[in-house]
Amino acid sequence: MFENLSERLGGVFDRLTKQGALSAEDVKAALREVRVALLEADVSLPVARDFVKAVEAKATGQAVTKSVTPGQQVVKIVHDALIDVLRGAEDPGALKIDNPPAPILMVGLQGSGKTTTTAKLARRLKEREKKRVLMASLDTNRPAAMEQLAILGTQIGVDTLPIVKGESAVQIARRAKQQATLGGYDVYMLDTAGRLHIDEVLMDEVQAVRDVAKPRETLLVVDGLTGQDAVNVATEFDAKVGISGVVLTRMDGDGRGGAALSMRAVTGKPIRFVGLGEKMDALETFEAERIAGRILG
Ligand code: GDP
């Protein structure tokens, strides 16, 4: 089990003399523990280092409030600093979907939860925002993935573009746009093909689809349990296709959510939603406070 940060810091500060302000040594000792806690939460080393440096500058010399212990005070400073980094979009759940039909491009590696997330998001737009949504699978290599999206569509009562064998991803994107326009849909979602690793063929295809669809939002779906890999995937996708936000899946797992911090710090892209299970309603708007609490333990 992870030791939580307050417990760790309690240990550090027990050894320190009571003073009115946080001395440089107090802060240094505490921040060593913070750094370990961040690394255990799967925050990448350079991000943890920069973060701790920023907190150090903020905390040193700060007066210790009478009602809290120095340990609690450092936890609060760290907590607030985490939220500062994590909070990206003013309203992460507000997607740019005016001017119908608005295209949303869903990208990510195979197995990240992309198809599931596409359906979850479609359901959310339908139920909460009363939008008419059309979903299309562009995964021409995996007929099972196309079927999966159609099955989920039926389950949640959202239309999917009929599957036509032999079409390319770009052809499907064009047909989706046409059907969304003719059919009076508010939004159409393109669930692009995923591969196990990023490769040139995949990126070329996603770029070609992007150029045809001109998406209002390009959401990268990444597995929140994959830590540093998730950050690398986000950096690559952003460089090649440009993403407008991230959806972190499997946040119902026992990971500590450090990927969220690394992702924000490295890519600067807002995390918009988190996946919290396999069910269609297990998608929530990203909340910086919740993830900060989780990282700190
Ligand atoms: P894709 O290959 O990226 O399209 O991945 P899928 O959408 O097919 O998802 C792969 C597996 O992950 C499926 O069994 C999903 O039910 C599961 N999955 C997706 N999102 C989540 C999540 O947020 N939490 C959990 N526990 N499982 C998820």
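Predicted model: local features only at pLDDT ≥ 70, side-chain atom pairs only at ≥ 80, totals over all residues.
**Entry 1: the whole protein**

I began with the overall description. The protein has eleven helices and eight strands. I looked up the extent of the C-alpha trace and found a span of about 75 × 40 × 30 Å along the principal axes. The accessible surface comes to about 13800 Å², and carbon and sulfur atoms account for 51% of that surface. Of the 297 residues in the protein, 51% are buried. I then turned to contacts between residues at least 6 apart in sequence, and I recorded that 77% of them join residues at least 24 apart.

**Entry 2: backbone angles**

I returned to Lys214, which is placed in the loop between H8 and E5. Its phi is near 45 degrees, a positive value in a residue other than glycine. I noted the background to this: most residues other than glycine have a negative phi, and most peptide bonds are trans.

I found another such case in Arg250, which has a positive phi of about 60 degrees although it is not a glycine. Arg250 sits in the loop between strand E6 (245-249) and H10. With a relative accessibility of 34%, Arg250 counts as partly exposed.

Which residues does a cis peptide bond join? I found that the bond is between Pro100 and Pro101, with omega at about -5 degrees. Pro101 belongs to the loop between helix H4 (70-86) and strand E1 (102-108).

**Entry 3: helices H2 and H3**

I looked up how helix H2 (residues 24-40) packs with helix H3 (residues 45-59): the angle is about 150 degrees and the axes are 10 Å apart. H2 is therefore roughly antiparallel to H3, since angles over 145 degrees count as roughly antiparallel. I also recorded that the crossing of H2 and H3 is right-handed.

I listed the residues that make the contact. H2 contributes Val27, Lys28, Leu31, Val34, Arg35, Leu38 and Leu39. H3 contributes Leu45, Ala48, Arg49, Phe51, Val52, Val55, Glu56 and Ala59. Sorted by class, the contact of H2 with H3 has eleven nonpolar residues, four charged residues and no polar ones.

**Entry 4: helices H8 and H9**

At what angle do the axes of H8 and H9 cross? For helix H8 (residues 200-213) and helix H9 (residues 228-240) I found a crossing at roughly 50 degrees, with the axes coming within 10 Å. H8 and H9 are therefore oblique to each other. The crossing of H8 and H9 is right-handed. In the contact, Leu202, Met203, Gln207 and Arg210 in H8 meet Glu236, Phe237 and Lys240 in H9. I counted the classes in the contact of H8 with H9 as three nonpolar, one polar and three charged.

I looked up Thr218, which lies in strand E5 (residues 217-223). Thr218 counts as buried because its relative accessibility is 5%. Leaving aside neighbours within four places in sequence, I found Thr218 in contact with Leu105, Val107, Gly242, Ile243, Ser244 and Gly245.

Gly224 is in the loop between E5 and H9. Gly224 is buried as well, with a relative accessible area of 7%. Not counting residues up to four places away in sequence, Gly224 touches Leu248, Thr249, Met251 and Ala259. I also looked up the separation of Gly224 and Leu283: 59 residues in sequence and 13 Å in space, C-alpha to C-alpha.

**Entry 5: helix H10**

How many residues of helix H10 (residues 258-267) are buried? I found that eight of the ten are buried, which leaves the helix mostly covered. The buried residues are Gly258, Ala259, Ala260, Leu261, Ser262, Met263, Arg264 and Thr267.

I then looked at Ala265, which is found in helix H10. Ala265 is partly exposed, with a relative accessible area of 44%. Not counting residues up to four places away in sequence, Ala265 touches Val47 and Val85. Ala265 and Phe51 are 214 residues apart in sequence but 9.0 Å apart in space, C-alpha to C-alpha.

Notes:
Residues numbered from 1 in each chain as written. Heavy atoms only, no water. Buried < 20%, exposed > 50% of the residue type's maximum accessible area, 1.4 Å probe, protein only. Helix = DSSP H or I, 4+ residues; strand = E, 2+ residues; numbered from the N terminus. Axes fitted to C-alpha atoms, helices over the stretch in contact; angles between N-to-C directions. Parallel < 35°, antiparallel > 145°, perpendicular 65-115°, else oblique. Left-handed = near helix turned anticlockwise from the far one by under 90°. Contact = heavy atoms within 4.5 Å. Nonpolar A, V, L, I, M, F, W, Y, C, P; charged D, E, K, R; others polar. Areas by Shrake-Rupley, 256 points an atom, 1.4 Å probe, with all protein chains shown as cover.
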